[in-house]
Amino acid sequence: MQELQYLTFQISEELFGLGILYIKEIIEYESVTHVPMMPEYIPGVINLRGNVVPVIDLNMRFYKRKTETNRKTCIIITEIKLENEIVDVGLLVDAVNEVVDIPPESIEEPPSFGSKIRLDFIQGLGKLENKFVIILKVNQILELSELQAIQETSVNVN
């Protein structure tokens, strides 16, 4: 079954989308606990009801610049499949917009040129009235080795 509903959010003036089936919750930004030796785009972890959840700064991941936090800054809690395990990960975004319906026929292949973002992160470009939504592949945002390093670190934190 193709997904039709996507949560849209802002990262560096661009509109992104993520299938709502991947989203567990959206929380207000709170400070993160810095963990040494993490990649630059992982500012740290948060405690979510007793679970250690790594946070990925999508501005840093995609555009190599840190998110400027303000009252609109949110963390989207999503699930990423790591080998045969499901791991909660927080995505730090500038602002969450809304849930939109994008039918499969309105989603184009990502262009092979002109994008500032690596194409392996992009599922496609959804057409909404007069703008595009960059639809992300949630499982590609982190590389496997990075997720394993985070998990090993979070085990040591507990």
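## A charge over a ring

The charged end of R61 sits over the ring of Y41, with 4.0 Å between that end and the ring centre. This contact comes from a predicted model, as does everything below.

## The aromatic cluster

How many aromatic pairs does the structure hold? There are three. One of them joins F9 and F16. Their rings are stacked, with centres 6.2 Å apart and 10° between the planes. F9 is buried, because its relative accessible area is 0%. F16 is buried too, because its relative accessibility is 0%.

F62 and F121 form another pair. Their ring centres are 5.2 Å apart. Their planes meet at 40°, so this pair counts as tilted. F62 lies in helix α1, residues 58-63. F121 lies in the loop between β9 (107-108) and β10 (122-128). The pair therefore ties together parts that are 59 residues apart in sequence. Both F62 and F121 are buried. Ring pairs link F9, F16, F62 and F121 into a cluster.

## The five-stranded sheet

Five strands form an open sheet. Their order is β3-β6-β7-β5-β4, and the pairing is mixed. Which strands stand at the edges? They are β3 and β4. Each has a single partner strand, so one side of each is left without a neighbour in the sheet. From one strand to the next, the twist averages 35°.

Strands of a sheet pair through backbone hydrogen bonds, either parallel or antiparallel. Here, β4 and β5 pair in the antiparallel sense. Five bridges join these two strands.

## Salt bridges around K24

A search of the whole structure finds four salt bridges. One of them joins E79 and K24, whose closest N and O atoms are 3.7 Å apart. E79 lies in strand β6 (residues 74-82), and K24 lies in strand β3. The pair therefore ties together parts that are 55 residues apart in sequence. E79 is partly exposed, because its relative accessible area is 31%. K24 is also partly exposed, because its relative accessibility is 44%.

K24 has a salt bridge with D88 as well, at 2.9 Å from N to O. D88 sits in strand β7 (residues 85-93), while K24 is in strand β3. This pair links distant parts of the chain, 64 residues apart. Is D88 buried or exposed? D88 is buried, because its relative accessible area is 18%, and the limit for buried is under 20%.

## The bridge from E25 to R49

E25 forms a salt bridge with R49. Their closest N and O atoms are 2.4 Å apart. E25 lies in strand β3, whereas R49 lies in the loop between β4 and β5 (51-57). The two residues are 24 apart in sequence, so the bridge ties separate parts of the chain together. E25 is partly exposed, because its relative accessibility is 22%. R49 is exposed, because its relative accessibility is 66%.

## Two positive phi angles

M37 has a phi near 70°, a positive value in a residue other than glycine. M37 lies in the loop between β3 (23-28) and β4 (44-48). M37 is exposed, because its relative accessibility is 83%.

E129 also has a positive phi, near 35°, and again the residue is not glycine. Where does E129 lie? E129 is in the loop between β10 and β11 (131-136). E129 is exposed, because its relative accessible area is 86%.

Terms used. Residues are numbered from 1 along each chain as its sequence is written. This is a predicted model: local features need pLDDT of at least 70, side-chain atom pairs count only at pLDDT 80 or more; totals for chains, interfaces and linings use all residues. Side-chain values use heavy atoms; hydrogens and water are left out. Rings of Phe, Tyr and Trp (its six-membered ring) pair if their centres lie within 6.5 Å; planes under 30 degrees apart count as stacked, over 60 as edge-to-face and the rest as tilted. Buried means under 20% relative accessible area, exposed over 50%, partly exposed in between (1.4 Å probe, protein chains only). Helices (H or I, at least four residues) and strands (E, at least two) are DSSP runs, numbered from the N terminus. A charge sits over a ring if NZ of Lys or CZ of Arg is within 6 Å of the ring centre and within 35 degrees of the ring normal. A salt bridge is a side-chain nitrogen of Lys or Arg within 4 Å of a carboxyl oxygen of Asp or Glu. Two strands pair if DSSP finds at least two bridges between them. Axes are lines fitted to C-alpha atoms, for helices over the stretch in contact, and angles run from 0 to 180 degrees between N-to-C directions.
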